[in-house]
Amino acid sequence: MLTIAHLDTFVLTAPLGSDRFYSSQAEFPERTSLLVRLTTTDGEVGWGEGGQYGPAEPVRSCLEDVLAPQLLAMRDASPGVVWDLLYARTRDFGQRGPYLEALSALDIALWDLVGKRLGAPISALIGGRHRESVHAYGTGGYYSSVAFDPDRDLRRLGDSVAEHAAQGFGMLKMKIGLLPIAEDALRVATVRERLGDGIVLAADANHAYNSQTAIAMGRVLEQHDVAFFEEPVPPEDREGYARVRDRLDLAIAGGEAEYTRWGFRDLIDAGCVDIIQPDLCVAGGISEVQRIVALASAHHLRTIPHVWGSGIAVAAALQVCSTLPLVPYTHRPVPLQNEPVIEFDRTRNPLRDDLLTTPFTLESGRVAVPDGPGLGVEVDMDVVAQYASE
Ligand SMILES: [Mg+2]
């Protein structure tokens with residue numbers, strides 16, 4: 001029986017200074033994470049994360065003011081029981097957004113605790129591992145400025161992706177959508193030229209287009225052998241997604257802004273995507289993402305989790321990615337084609353690189369899945385104290 005005695009939250013903020021960057025949607029002057037720490041009645045500690053996209057404070061409030069009193073009153077706080085009950089009790093007002101991010105953080109922390117209680121990594125508890133390390137793709141190729149200076153920006157972009165490629169990635173993802181299509185076309189051409197044909201390239205628009213402009217950009221991406229086109233249109237535009245997917249040959253990916261099995265059911269049923277990208281810290285945690293993966297597999301869709309958070313988010317995604325099946329199965333897995341990959345963000349984030357006592361590293365293009373119980377990681381409380389705000 002898992003009974004929770006204490007819930008603590010930590011809002012971590014790491015200013016980026018001159019390393020700030022831009023996507024099609026926003027400037028990133030800092031990185032933030034909302035961590036939750038659960039302590040059981042017998043003193044075991046579990047960690048979870050939520051609230052990566054927007055301000056962390058609403059997620060903290062959902063946790064501390066609404067969910068914590070209910071969690072602490074439960075005699076059995078097993079993750080499946082907690083998920084069903086707390087979701088049901090907040091359904092009328094919390095089907096998406098901060099409540100789901102809070103529930104995601106709780107769920108991850110509870111799985112960490114179950115693993116520690118049983119002395120097994122989470123991957124062993126949710127079906128076992130198909131692989132001990134996961135192919136990683138590097139996310140970078142952001143915008144360093146909103147004003148496009150072709151000489152300066154194309155050189156910077158080329159140098160940055162070349163540096164990532166030199167770290168051993170077999171696949172990289174770049175950002176598009178902040179600039180007019182003709183200028184982003186120059187950026188994609190630059191990246192492909194610097195990487196050569198041997199590296200798989202993906203492009204992420206963060207829903208910068210409508211279906212018509214997305215199709216125009218998608219044709220540019222196809223010319224440069226881009227493997228998938230992420231979030232071409234806003235997440236609410238299911239018809240636009242389906243139209244883009246129908247008109248283009250490259251794979252369409254999306255789902256980082258979707259929540260729960262019901263959100264993904266609708267995304268899948270509308271024929272929006274070839275690849276679903278649930279974020280463990282957003283979509284409902286480890287419990288719910290397993291259900292989402294089952295939905296995707298029923299439609300023969302690949303799952304490539306979105307990962308944007310701290311070391312806790314990376315650890316949770318690694319545990320899940322190690323358990324994902326090949327889609328479709330082949331006797332010999334083909335990396336980055338039917339074998340699952342994990343997103344390994346390369347933008348500066350001390351909360352990802354410094355938070356854990358043993359940071360994740362890339363070895364021959366792969367990241368090892370921790371063997372220890374639960375998430376298999378240890379949080380450095382000095383780093384928490386360094387970046388925590390009241
Ligand atoms: Mg994205």
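Predicted model: local features only at pLDDT ≥ 70, side-chain atom pairs only at ≥ 80, totals over all residues.

User: How many charged residues are in the contact of H1 with H3?
Analyst: On the H1 side the contact includes Pro-58, Val-59, Cys-62 and Leu-63, and on the H3 side Pro-98, Tyr-99, Glu-101 and Ala-102 are among the residues. Sorted by class, there are 13 nonpolar residues and no polar ones, and the charged count is 1.

User: Are H6 and H7 roughly parallel or roughly antiparallel?
Analyst: H6 spans residues 181–195 and H7 spans residues 211–223; their axes come within 10 Å and cross at roughly 25 degrees. The cut-off for roughly parallel is an angle under 35 degrees. That makes the pair H6 and H7 roughly parallel.

User: Which residues of H7 meet H6?
Analyst: From H6, the residues involved are Ile-181, Asp-184, Ala-185 and Val-188. Counting both sides of this contact of H6 with H7, there are 7 nonpolar, 1 polar and 1 charged residues. The H7 partners are Thr-213, Ala-216, Met-217, Val-220 and Leu-221.

User: What about H9 and H10: is their crossing left-handed or right-handed?
Analyst: H9 runs over residues 260–269, and its axis comes within 9 Å of the H10 axis, crossing at roughly 20 degrees. H9 and H10 are therefore roughly parallel to each other. As for the hand of the H9 and H10 crossing, it's right-handed.

User: How many charged residues does the contact of H9 with H10 have?
Analyst: H9 brings Thr-260, Arg-261, Trp-262, Phe-264, Arg-265 and Ile-268, while H10 brings Glu-288, Arg-291, Ile-292, Leu-295 and Ala-296. The contact of H9 with H10 has 6 nonpolar residues and 1 polar residue, and its charged residues number 4.

User: Which helix gives the most to the lining of the largest cavity?
Analyst: The count is 1 cavity of 30 Å³ or more, and the largest cavity holds about 120 Å³ of space. Of its 15 lining residues, the closest to the centre are Arg-302, Thr-303, Pro-325, Val-327 and Pro-340. Helix H10 (285–298) and strand S12 (302–303) each supply at least two lining residues. With 3 residues, the top contributor is H10.

User: Which two residues does the cis peptide bond join?
Analyst: Most peptide bonds are trans. Here, though, there's a cis bond with omega of about -10 degrees. The joined pair is Val-327 and Pro-328.

User: What is the phi of Glu-231?
Analyst: Most residues other than glycine have a negative phi. Glu-231 lies in the loop between strand S9 (226–230) and helix H8 (238–247). Glu-231 isn't a glycine, yet its phi is positive, at about 40 degrees.

Methods: Residues numbered from 1 in each chain as written. Heavy atoms only, no water. Axes fitted to C-alpha atoms, helices over the stretch in contact; angles between N-to-C directions. Helix = DSSP H or I, 4+ residues; strand = E, 2+ residues; numbered from the N terminus. Parallel < 35°, antiparallel > 145°, perpendicular 65-115°, else oblique. Contact = heavy atoms within 4.5 Å. Nonpolar A, V, L, I, M, F, W, Y, C, P; charged D, E, K, R; others polar. 1 Å grid on protein atoms, 1.4 Å probe; cavity = no way out; pocket = protein on both sides within 12 Å on 5 of 7 lines; lining within 4 Å. Points joined across faces, edges and corners; volume = space filled by probe spheres on them. Left-handed = near helix turned anticlockwise from the far one by under 90°.
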